[in-house]
Amino acid sequence: MEYSLFCHHFYALSVSSVKKKLGLLFIMLLLWVYMLYSCVGYCASMPPSLVVDNNNNRAKETDFLGKYAEAESGRPDLMMSKLLSRPQSSWTDVESDYDEPTVRRAPRDFSKDEVDLDRDEEWDDGRRVYPLSSFSNGSGSKKLPQAIIIGVKKGGTRALLEFLRVHPDIRAVGAEPHFFDRNYDNGLDWYRDLMPKTLEGQITMEKTPSYFVTREAPARIYAMSRNTKLIVVVRDPVTRAISDYTQTLSKKPDIPTFESLTFKNRTTGLIDTSWSAIQIGIYAKHLDNWLQFFPMSQILFVSGERLISDPAGELGRVQDFLGLKRIITDKHFYFNQTKGFPCLKKAEGSSKPHCLGKTKGRTHPNIDPQVVQRLRDFYRPFNMKFYQMTGHNFGWD
């Protein structure tokens, strides 16, 4: 009897131990299936370019986005807003001393001595630039620009645009649309489709420096929206003209000398104002055309010189003009002694700062000082009128 009772208890304990082990195994199996299901679901929801990429930088971005998505699960609107507002980075030049990439090739105003290249921009370290504005799978909508950088060529428009793209509330198209001077017949829907998607509160921008010297541009922009804010980057017209010529010379080494293009008659000293490099610098003449449609309060003039010497100061003025919080400050810049220009400090996850491209910072040709002085004398009355019209003295001799 005692033996039988002992066997019964031993059997009961054995069965209980087996049940516990089976129960633990079953729970572990359920956890494993749940983790596998979660992983498959998450991976399927990620963009392919982020999930499968052998590039180390892409892998880091995938890891960042994965952790971010896990932390913000249940708040997709917040997640998308922060992703869309990540700083855009494709800055290449302070003086914009090159032909800008455009939507399509077409003749340009005052362009008889210009070369118009239709190419991608490049990083200083050789990487191709694909602006963040190409991100099109997120929320938001495409809007017509509320602000446009309308000029001037060789003033520093590219630098200004790329500095501004650091701001999370600014979204800008990288290439120059040339809508109001070359592509106007394509219609506003075509123009809007070029713009990046924006969220509520973000500003859509574009820049095309040739607008400032295009007679039809003011009326056309006014017809789109009379509230459009306009930004003009101006630079000493003499150094601007020399920079303009230097760019053309780098593409066409056989063009006439700067001196021969400057004068109609060297003996009399008569300046040839039909040459585009000279014509663009008569800022007061072009501004007259814009003031027929827009009040001065809607036009901001940025100094190309101060954009080099004090980029944060000029960017502060621009942010105020656009009604934005001053987010872009001194902490975003450093001065590159070798190139002689300010550069954007490297962004998180980037190995290099955003600075001038390898072809930028061309050496200007030697020009007769007497020719330079004659040009300064020619521009002086126009500069004085421009100072009076704008209320600013930009310090040009």
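This is a predicted model: local features need pLDDT of at least 70, side-chain atom pairs count only at pLDDT 80 or more; totals for chains, interfaces and linings use all residues.
How many helices and strands does the secondary structure of this protein come to? The count is 14 helices and 11 strands.

Some totals to start with. The protein has 397 residues, and 47% of them are buried. Its accessible surface comes to about 20700 Å², with carbon and sulfur atoms holding 57% of that. Among contacts with a separation of 6 or more, 72% are between residues 24 or more positions apart.

Next, the interior. In soluble globular proteins, nonpolar side chains tend to be buried together. Here the largest nonpolar core has 30 residues, and the members touching the most others are Ile150, Phe180, Phe212, Ile221, Trp290 and Phe386. Six elements each supply at least two residues of this core: strands β2, β6 and β9, and helices α7, α11 and α14. Helix α11 gives the largest share, four residues. Take Ile221 as an example. Leaving out residues up to four places away in sequence, Ile221 touches Ile148, Ile150, Phe180, Thr228, Leu230, Trp290 and Phe294. Apart from this core lies another, of 26 residues, including Ala159, Val166, Val318 and Ile328.

Now the aromatic rings. A pair of aromatic rings is described by the distance of the centres and the angle of the planes. The whole structure contains 24 aromatic pairs. One of them joins Tyr283 and Phe386, with 5.5 Å centre to centre and 55° between the planes, which makes the pair tilted. Tyr283 belongs to helix α11 and Phe386 to helix α14, so this pair ties together parts 103 residues apart in sequence. Tyr283 is buried at 1% relative accessibility, and Phe386 is buried with a relative accessible area of 1%. Elsewhere on the ring list, Phe179, Phe180, Tyr184, Trp190, Tyr191 and Tyr211 are linked by ring pairs into a cluster. There is also a charge over a ring: Lys229 lies over the face of Phe321, 5.4 Å from the ring centre.

Then the backbone. Most residues other than glycine have a negative phi, and most peptide bonds are trans. Where does this model depart from that? The peptide bond from Gly151 to Val152 is cis, with omega near -5°. Val152 sits in the loop between β2 and α5. Lys154 is found in the loop between β2 and α5 as well, and its phi is positive, near 65°. Lys154 is buried, at a relative accessible area of 1%. His178 is another non-glycine residue with a positive phi, about 50°. The loop holding His178 runs between β3 and α6, and His178 is buried too, with a relative accessible area of 1%.

Last, the annotation. Which residues does UniProt place under "binding site"? The unreviewed entry gives Lys154, Gly155, Gly156, Thr157, Arg158, Arg235, Ser243, Lys360, Gly361, Arg362, Thr363 and His364.

Note on methods
Residues are numbered from 1 along each chain as its sequence is written. Side-chain values use heavy atoms; hydrogens and water are left out. UniProt positions are given in the numbering used here, feature names are shortened, and annotations may be inferred rather than shown by experiment. A nonpolar core is a set of buried Ala, Val, Leu, Ile, Met, Phe, Trp, Tyr and Cys residues joined through side-chain atoms within 4.5 Å. Buried means under 20% relative accessible area, exposed over 50%, partly exposed in between (1.4 Å probe, protein chains only). Contact means heavy atoms within 4.5 Å. Accessible areas come from the Shrake-Rupley method with a 1.4 Å probe; for residues, only the protein chains shown count as cover. Rings of Phe, Tyr and Trp (its six-membered ring) pair if their centres lie within 6.5 Å; planes under 30 degrees apart count as stacked, over 60 as edge-to-face and the rest as tilted. A charge sits over a ring if NZ of Lys or CZ of Arg is within 6 Å of the ring centre and within 35 degrees of the ring normal.
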